Amino acid sequence: MRTSQSHTAPESPASRSALEDLRVPVQAKLAAAWTSFMFLYVYVDYFHLHKPGVIDNLRAGVVFEFDISPALLTVMLASVAIPALMVVLSMTLPARLNRATNLVFAVLYIPYSVVNAAGETWDWAVFYGLSIGLEVLLLAFILRSAWTWPRCTVSPVTSPDRQPLRTPQQA
């Protein structure tokens with residue numbers, strides 16, 4: 001005797017392989033990109049410490065060509081603090097200010113990332129090329145995400161925050 005297939009029968013292989021593609025909010029994309037940038041930024045500096053002579057220079061009180069001073073360390077802290085703060089700012093600032101802030105700081109950090117290779121020899125070109133290339137790719141992703149931030153359309157029925165407008169009687 002044949003029975004009809006019930007609605008509890010196993011799904012077809014094609015329907016099991018389909019993945020749901022949720023739209024990720026721009027703020028989450030930006031925060032994730034700044035987080036990735038920070039990991040890369042810190043690890044490049046950490047791996048740089050493994051270069052011959054770097055630790056000796058640090059012990060002698062020199063970073064690159066600069067004497068280690070409170071001013072130098074403050075500038076270094078600020079250079080790390082800005083991308084770190086961009087993680088939280090990308091999730092909390094209002095859209096218009098968020099977009100502008102991300103565009104400004106991503107543009108400023110592209111040349112800043114490239115300067116990391118200043119004075120390096122060709123022996124280290126692959127290390128700096130890869131690290132700078134990845135940092136610039138992340139910054140380009142931030143720029144693209146902020147630049148193409150979706151716009152909401154305001155209709156007479158809804159307000160800009162997409163809440164239905166209420167008449168005085170409904171309020």
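**Exercise 1. Find the buried side of helix α5, and say which helices it packs against.**

Start with the list: the buried residues of α5 are N98, R99, T101, N102, L103, A106, Y109 and S113. Here "buried" means under 20% relative accessible area, "exposed" means over 50%, and "partly exposed" is anything in between, with a 1.4 Å probe and protein chains only. Helices, by the way, are DSSP runs of H or I with at least four residues, strands are runs of E with at least two, and both are numbered from the N terminus.

Next, look at the partners. Those buried residues pack against α2, α4 and α6 (125–147).

A word on what you're looking at: this is a predicted model, where local features need pLDDT of at least 70 and side-chain atom pairs count only at pLDDT 80 or more, while totals for chains, interfaces and linings use all residues. Residues are numbered from 1 along each chain as its sequence is written, and side-chain values use heavy atoms, leaving out hydrogens and water.

**Exercise 2. Check whether the length of α5 agrees with its residue count.**

Step one: α5 covers residues 95–115, which is 21 residues. Step two: the expected span is 1.5 Å times one less than the number of residues, so α5 should span 30 Å. Step three: the end C-alpha atoms of α5 are 31 Å apart, which agrees.

**Exercise 3. Work out the order of helices and strands along the chain.**

Count first: the chain has six helices and two strands. Then read along the sequence, and you get α-α-α-β-β-α-α-α. While you're at it, note that buried residues make up 21% of the 171 residues.

**Exercise 4. Describe how α2 packs against α4, α5 and α6.**

Two packed helices are described by the angle between their axes and the distance between the axes. The axes are lines fitted to C-alpha atoms, for helices over the stretch in contact, and the angles run from 0 to 180 degrees between N-to-C directions. Angles under 35 degrees count as roughly parallel, over 145 as roughly antiparallel, 65 to 115 as roughly perpendicular, and the rest as oblique.

- **α2 with α4.** α2 (residues 26–48) and α4 (residues 70–92) pack at about 160 degrees, with their axes 7 Å apart. That makes α2 roughly antiparallel to α4. The α2 residues in this contact (heavy atoms within 4.5 Å) include W34, F37 and Y41, and those of α4 include P83, M86 and V87. By class, there are 13 nonpolar, four polar and no charged residues.
- **α2 with α5.** These axes come within 12 Å and cross at roughly 25 degrees. That makes α2 roughly parallel to α5. Among the residues that meet are L30 and W34 of α2, and N102, A106 and Y109 of α5. This contact has eight nonpolar, four polar and no charged residues.
- **α2 with α6.** Here the axes come within 10 Å and cross at roughly 165 degrees. The two helices are therefore roughly antiparallel to each other. The contact includes L30, L40 and V44 from α2, and L134, L138 and S145 from α6. Its residues divide into 17 nonpolar, four polar and two charged.

For the classes, Ala, Val, Leu, Ile, Met, Phe, Trp, Tyr, Cys and Pro count as nonpolar, Asp, Glu, Lys and Arg as charged, and the others, Gly among them, as polar.

**Exercise 5. Locate F64 and describe its phi.**

First, find F64 in the loop between β1 (62–63) and β2 (66–67). Then check the backbone: most residues other than glycine have a negative phi. F64 isn't a glycine, but has a positive phi of about 55 degrees. Finally, F64 is partly exposed, at 49% relative accessible area.
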